[in-house]
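Please open the model in your viewer and keep the selection box at hand. The tour goes one selection at a time.

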Amino acid sequence: MTTPSPSPDAHLSPLRLMDVRFSRLGLGCATFGREIDEAAAGVLMDHAITREVNHFDLAAAYAKGESERIVGRWLADRKPAPGTIFLSTKMLPPFTPDTVRASVENSLKALCVDAIDIFYFHKWDDSAADPQVLAMLDDLVRVGKIRSLGASNFTAAQFARVLDMQVAGGWARFQALQNNNNFAVRHIDDAYRAFCVKNDVVIFTFSPLGSGFLTGKHQTGVVAGSRFDLVPNNQNIYFTEEAYRRLARLEHVSARSGLSKVQLALMWAVNQPGIAAMLVGGRTPAHLDQAFDAMALDRSDLLDELAAEP
C-alpha cells in the first residue's frame with residue numbers, strides 16, 4: 001500500500017495543548033460502569049464541575065465502552081457550555097487504519113460529541129509505528145474528528161520512535177503523554193520530562209494512589225471488590241519488592257508527620273514537576289475532594305523526606 005501524503009492544509013488550525021489551561025486535577029472515569037453505576041458517576045461528574053475540573057479522561061476499554069456511554073448521556077443531559085469540558089479517550093491495539101477509524105467513530109457516538117479533544121493510543125504495540133496508521137490519525141485530525149493526539153503507557157524510546165515518524169511524514173503528531181506515576185510505581189523520569197519539554201509534549205499522570213496500593217489496604221490480601229480484585233493485572237505492577245519498599249517509606253513518614261498515607265501519596269503525585277494535570281478517579285465526590293485537600297498542603301519538608309527514600 002502507498003502511504004497517503006498529508007493534505008497541504010492539514011495543520012492550518014491545530015489544537016496546541018501547550019496553550020490549553022488544564023485544571024491541576026482531571027477526572028479519570030475508569031470507575032464508571034464498573035465500580036460505580038450511572039447515578040453515582042453523574043454525582044461525581046456534577047461535583048467535578050463545581051470544583052472547576054475541566055478535563056474528563058476515558059477509554060473505549062473502560063467497562064467495555066459503558067464509561068464512554070455514561071459520560072455521553074451525562075453530557076447530553078447537562079449540556080455544559082462549549083469549551084467547559086476537555087474530553088480525552090483511548091483505544092487499545094492492534095492499530096490498523098480501519099480499527100483506528102472505527103474506534104474514533106464509536107467513541108464519538110458514545111460520547112455524543114463531534115470531536116475528541118485528545119485521542120490516545122492506550123498502550124504500546126508495534127502497529128503504532130505503521131505509517132498507514134499514522135496517516136489515518138493525521139486524516140482524522142485534518143477532518144476535525146480528533147483535535148489532538150496522545151500516547152499512554154509508552155516508554156520514552158517508543159514515544160520517540162513514533163514522534164520521529166510523524167515529524168518526518170509531516171503528519172499530526174502526538175502532543176500528550178499519559179503515564180502511570182505515583183510514589184510506588186513511576187513511569188516518568190527526569191529524562192522523559194526533558195524529552196517532553198523539548199518536543200512540546202504535555203504530560204498527564206494517573207493513579208496517584210496506585211489503584212489503592214498506597215493506602216496499604218492490600219498488605220494482608222487483595223480486598224474484595226477493589227480495583228486490584230476487578231483488574232487483577234494491577235497486582236503484577238504493584239506487588240514488587242520496590243513498590244513495597246516505597247510503601248514502607250510512606251508509612252514511616254505518615255507515622256512521624258501525622259498525615260495519612262493517602263494525603264502524602266496524593267501530595268507527592270500532584271507536586272511532581274512538569275505535569276499539566278494529575279488524573280484522579282474514585283467512587284464518590286470525597287475521593288476528588290481529598291485530592292484537592294492534598295494539593296493545598298504546603299509541606300515541602302515532607303516532600304523532601306519522601307524523596308530521601310532509602
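**Whole chain**

Start with everything shown. This is a predicted model. Color by secondary structure: the chain has 12 helices and 8 strands. Its C-alpha atoms fill a box of roughly 60 × 45 × 35 Å along the principal axes. A compact globule of 310 residues would have a radius of gyration near 19 Å, and the chain agrees because it has 19 Å. Of the 310 residues, 49% count as buried. Among contacts with a separation of 6 or more, 79% link residues 24 or more positions apart.

**The barrel**

Now hide the helices and keep the strands. What do the 8 strands form? They make a closed barrel with parallel pairing, in the order β1-β2-β3-β4-β5-β6-β7-β8. On average, neighbouring strands are turned by 25° against each other, direction ignored.

**Where β1 meets β8**

Select residues 25-28 and 277-280. These are strands β1 and β8, which pair in the parallel sense over 3 bridges. Pick Gly26: its bridge partner in β8 is Leu279. Next, bring back residues 285-295. This is helix α11, which packs on the sheet and touches both β1 and β8. The direction of α11 makes about 160° with that of β1.

**From β5 to β6**

Strand β5 (residues 149-152) runs parallel to β6, with 4 bridges joining them. Gly150 stands opposite Ala176 in β6, and Ala151 has Leu177 as its bridge partner.

Why is β6 described as largely enclosed by the rest of the structure? Because 7 of its 7 residues are buried, where buried means under 20% relative accessible area.

**From β6 to β7**

Move on to residues 202-206, strand β7. β6 and β7 pair in the parallel sense over 5 bridges. Asn180 stands opposite Phe206 in β7. Then show residues 190-198. They form helix α6, through which the chain crosses from β6 to β7, and this β-α-β crossover is right-handed.

**Last stop: Ile49**

Finish with a single residue. Select residues 38-50, helix α1, and zoom in on Ile49 there. Is Ile49 buried or partly exposed? Its relative accessibility is 31%, so Ile49 counts as partly exposed. Show its surroundings. Beyond residues up to four places away in sequence, Ile49 touches Phe56, Trp74 and Ile85. Then draw a distance to Thr84, 35 residues apart from Ile49 along the chain. Their C-alpha atoms are separated by 8.8 Å.

Conventions
Residues numbered from 1 in each chain as written. Predicted model: local features only at pLDDT ≥ 70, side-chain atom pairs only at ≥ 80, totals over all residues. Heavy atoms only, no water. Buried < 20%, exposed > 50% of the residue type's maximum accessible area, 1.4 Å probe, protein only. Helix = DSSP H or I, 4+ residues; strand = E, 2+ residues; numbered from the N terminus. Pairing = 2+ DSSP bridges. Right-handed = clockwise from strand over helix to strand, strands pointing away. Axes fitted to C-alpha atoms, helices over the stretch in contact; angles between N-to-C directions. Contact = heavy atoms within 4.5 Å. Rg over C-alpha atoms; globule rule 2.2 N^0.38 Å.
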